[in-house]
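Let's walk through this structure together, one feature at a time. Keep the viewer open as you read.

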Protein chains: 2
Amino acid sequence: MRELRVTPIKNGTVIDHIPAGMALKVLKILGIGDAVSSTVTVAMHVPSRLMGWKDIVKVEDRELGSREIALVAPTASVNVIRNYNVAEKHRVALPDRAVGILKCGNPNCISNAREPVESEFVVRSKSPLRVFCKFCDRELEDIPAHIV
Amino acid sequence: MRELRVTPIKNGTVIDHIPAGMALKVLKILGIGDAVSSTVTVAMHVPSRLMGWKDIVKVEDRELGSREIALVAPTASVNVIRNYNVAEKHRVALPDRAVGILKCGNPNCISNAREPVESEFVVRSKSPLRVFCKFCDRELEDIPAHIV
């Protein structure tokens, strides 16, 4: 029997098949930090038949559907759990735009100046993933490293 | 029956009774980030009979004994697990000094200049916890916020 690292939850959201090493980035995108008020379980570097290694994030009592997760975890699946049953299951789908969650790599970009400008990136290609700053048009390299 | 959020591990270290909200800081102190190569499970904001809410960190196949954990999680207990048994159990104990893991809050401190100086703090009081920079002697306020 394959050993489960994390037990089932009664209600909430399970984000599975996150690429190994990306769980903490997913938490960041979801806004989950030190002040979290739901129970959150994170498993990192777990053996996976499909992926070799994967990460898993479980958030109890919250139904999440953040599409931005796809920016760092395009392989992820999101399962909404109700009363121990999978009520909804979907793959994450890339958004067309990412607003306020990535930081432009161009130090001279207006979004990096002390202006009240929210960062915004346009997804121009989904595979391979290529995103461009709406303001300076520079392509963002290494997306996971640029999460706000 | 109390529900377990995380299953037992065969070998490794379980850090239990971490104050709720401090698990990600504990990971940071342990140097566990995106590139982790052991399986790591983190449970945040878990109900605790003793503490109300707590966090738990489990690291498989590594025996950890970092005393610096006490700087952010003085209530934590560290359990070394071998073949599903608790082989060693100890409370974390505050170190006398913390080298290289905290950043001085004084912007003019030499440890914040571009000098090859490793930060160092002296623990002058354990309860309440008070630590002072070895270089500029300033007391560090809000220790968890100043982890490198």
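Helix α1 of chain B, residues 23–30, is mostly covered, with six of its eight residues buried; buried here means under 20% relative accessible area, exposed means over 50%, and partly exposed is what lies in between, using a 1.4 Å probe and protein chains only. Helices are DSSP runs of H or I with at least four residues, strands are runs of E with at least two, and both are numbered from the N terminus. The model is predicted, so local features need pLDDT of at least 70 and side-chain atom pairs count only at pLDDT 80 or more, while totals for chains, interfaces and linings use all residues. Residues are numbered from 1 along each chain as its sequence is written, chains are lettered from A and ligands numbered from 1 in the order in which they are written, and side-chain values use heavy atoms, leaving out hydrogens and water.

Which residues of α1(B) are buried? They are B:Ala23, B:Lys25, B:Val26, B:Leu27, B:Ile29 and B:Leu30. As background, an α-helix has 3.6 residues a turn, so residues three or four places apart point the same way. The cover over the buried residues of α1(B) comes from both chains: it includes α1 (23–30) and β2 (40–48) of chain A, along with β1 (12–19), β2 (40–48) and β3 (52–60) of chain B. Contact means heavy atoms within 4.5 Å. Just after the helix, B:Gly31 takes a positive phi of about 75°.

How do the two chains relate? A rotation of 180° with 0.0 Å of shift along its axis superposes chain A on chain B, at an RMSD of 0.1 Å. The two copies are thus related as by a two-fold rotation axis. Both copies use the same surface, since 100% of the contact residues of chain A recur in chain B. The superposition is by least squares on the C-alpha atoms of residues with pLDDT of at least 70 in both copies.

Next, look inside. The largest nonpolar core has 74 residues, and among these A:Leu102 and B:Leu102 touch the most other members. Such a core is a set of buried Ala, Val, Leu, Ile, Met, Phe, Trp, Tyr and Cys residues joined through side-chain atoms within 4.5 Å. Leaving aside residues up to four places away in sequence, the residues that A:Leu102 touches include A:Leu71, A:Phe121, A:Val131, A:Ile143 and A:His146.

Now to the cysteines. How many disulfides are there over all chains? The count comes to zero, where a disulfide is a pair of cysteine sulfur atoms within 2.5 Å. The sulfur of A:Cys104 has its closest cysteine sulfur in A:Cys136, 3.6 Å away and therefore too far for a bond. For A:Cys109, the closest cysteine sulfur is in A:Cys133 at 3.7 Å, again too far for a bond. A:Cys104 is buried at 4% relative accessibility, and A:Cys109 is buried at 2%.

The peptide bond from A:Ser127 to A:Pro128 is cis, with omega near 0°, and A:Pro128 sits in the loop between β7 (120–126) and β8 (129–133) of chain A. In chain B, a cis peptide bond joins B:Ser127 and B:Pro128, with omega about 0°. Two residues other than glycine have positive phi: A:His17, near 60°, and B:Asn83, near 50°. A:His17 belongs to strand β1 of chain A and is buried at 18% relative accessible area. B:Asn83 lies in the loop between β4 (77–82) and β5 (85–91) of chain B and is partly exposed at 47%.
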